[in-house]
Amino acid sequence: MPAERDVLLRGLEAFAELGYDRASARELARRLGVSHIFINDRYGSKAAFWRAVVDTALGAQLTRMAPAAPGSDDEDVVRQFVMEFYRSSIGEPYLALLMADEAARDTERLDYLFRHYIEPTLALVMPSIERLMASGRMTRVPMDVLFFAIITPLSGLVQEPLARRLGRPEHLSQADRLARAEALAGLVVDGLLAPGDAKRR
């Protein structure tokens with residue numbers, strides 16, 4: 001019997017690669033190396049297993065996204081937030097793929113993700129963003145535009161087949177992956193800041 005951590009990790013990979021609907025209980029069991037009744041016996045249902053998978057992965061990610069220290073410069077808060085979000089996503093590429101798939105479907109699963117993880121994550125940075133927009137230091141755009149301006153570039157860190165066709169070496173070190181994440185974060189945040197306001201680094 002595989003360890004719980006391995007079960008949840010393989011479950012994440014399966015849901016990311018197949019999507020929820022194509023990840024049948026039988027296919028999940030095959031990938032987990034367990035009996036076809038394992039998921040119902042252990043978790044009660046495929047839906048409950050999916051929640052256990054995302055709670056483990058997203059709960060850990062949310063824990064790493066620390067609130068800003070009192071008195072922090074708002075630009076620094078946004079920059080650090082985006083940087084940490086991209087860095088953490090490097091270690092969880094299947095999570096980014098799962099989120100992208102679920103974001104395109106109007107389901108109870110998306111409601112669950114939004115309520116438990118997307119909203120709490122955004123709450124860490126929205127006060128700083130609102131102050132930057134109010135002061136003119138950040139371009140004022142609708143919330144949905146801002147969200148996708150930050151989230152969508154993440155695909156460049158996790159969609160390896162296309163990235164390799166665009167010239168990314170097949171075997172990157174972790175240091176090189178982090179450097180790409182940091183470069184992308186800088187590009188995104190500098191693009192959001194009002195012209196001439198980005199700090200020179």
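**Rings, helices and polar contacts in a predicted model**

Biologist: Which pattern does the chain follow along its sequence?

Modeller: Helices (H or I, at least four residues) and strands (E, at least two) are DSSP runs, numbered from the N terminus. The chain has 12 helices and 0 strands. Its C-alpha atoms fill a box of roughly 60 × 35 × 30 Å along the principal axes. Read along the sequence, the pattern is α-α-α-α-α-α-α-α-α-α-α-α.

Biologist: What share of the chain's residues counts as buried?

Modeller: Buried means under 20% relative accessible area, exposed over 50%, partly exposed in between (1.4 Å probe, protein chains only). The chain has 201 residues, and the share counted as buried is 40%.

Biologist: Which type of pair do the rings of Phe85 and Tyr86 form?

Modeller: Phe85 is buried at 11% relative accessible area, and Tyr86 is buried at 0%. Their ring centres are 6.2 Å apart and the planes stand at 50°, so the pair is tilted.

Biologist: Which residue lies over the face of Tyr20?

Modeller: Tyr20 belongs to one aromatic cluster with Phe15, Phe38, Tyr43 and Phe49. A charge sits over a ring if NZ of Lys or CZ of Arg is within 6 Å of the ring centre and within 35 degrees of the ring normal. At 4.1 Å from the ring centre of Tyr20 lies Lys46.

Biologist: What is the relative orientation of H1 and H4?

Modeller: Axes are lines fitted to C-alpha atoms, for helices over the stretch in contact, with angles from 0 to 180 degrees between N-to-C directions. Angles under 35 degrees count as roughly parallel, over 145 as roughly antiparallel, 65 to 115 as roughly perpendicular and the rest as oblique. The axes of H1 and H4 come within 9 Å and cross at roughly 105°. H1 and H4 are therefore roughly perpendicular.

Biologist: Which residues of H1 make that contact with H4?

Modeller: On the H4 side the contact uses Lys46, Phe49, Trp50, Ala52, Val53, Thr56 and Ala57. On the H1 side it uses Val7, Leu8, Gly11, Leu12 and Phe15.

Biologist: Which helices do the buried residues of H6 pack against?

Modeller: H6 covers residues 93–103, and its buried residues are Leu95, Ala96, Leu98, Asp101 and Glu102. They pack against H1, H4, H7 and H10.

Biologist: Which side chain does Glu160 join in a polar contact?

Modeller: Glu160 sits in helix H11 (residues 160–165) and is buried at 15% relative accessibility. A polar contact is a pair of N or O atoms within 3.5 Å; within protein, one must be able to donate a hydrogen and the other to accept it, and residues adjacent in sequence count only if both atoms are side-chain atoms. At 2.8 Å, the partner side chain of Glu160 is that of Arg177.

Biologist: Which side chain is in polar contact with the side chain of Arg42?

Modeller: Arg42 lies in helix H3 (residues 38–43). Arg42 is partly exposed, at 38% relative accessible area. Its side chain makes a polar contact of 2.4 Å with the side chain of Glu4.

Biologist: Which residue's backbone oxygen does the side chain of Ser88 reach?

Modeller: Ser88 is in helix H5 (residues 74–90) and is buried at 7%. Ser88 touches Gln61 and Arg64, leaving out residues up to four places away in sequence. At 3.0 Å, its side chain reaches the backbone oxygen of Phe85.

How values were computed. Residues are numbered from 1 along each chain as its sequence is written. This is a predicted model: local features need pLDDT of at least 70, side-chain atom pairs count only at pLDDT 80 or more; totals for chains, interfaces and linings use all residues. Side-chain values use heavy atoms; hydrogens and water are left out. Contact means heavy atoms within 4.5 Å. Rings of Phe, Tyr and Trp (its six-membered ring) pair if their centres lie within 6.5 Å; planes under 30 degrees apart count as stacked, over 60 as edge-to-face and the rest as tilted.
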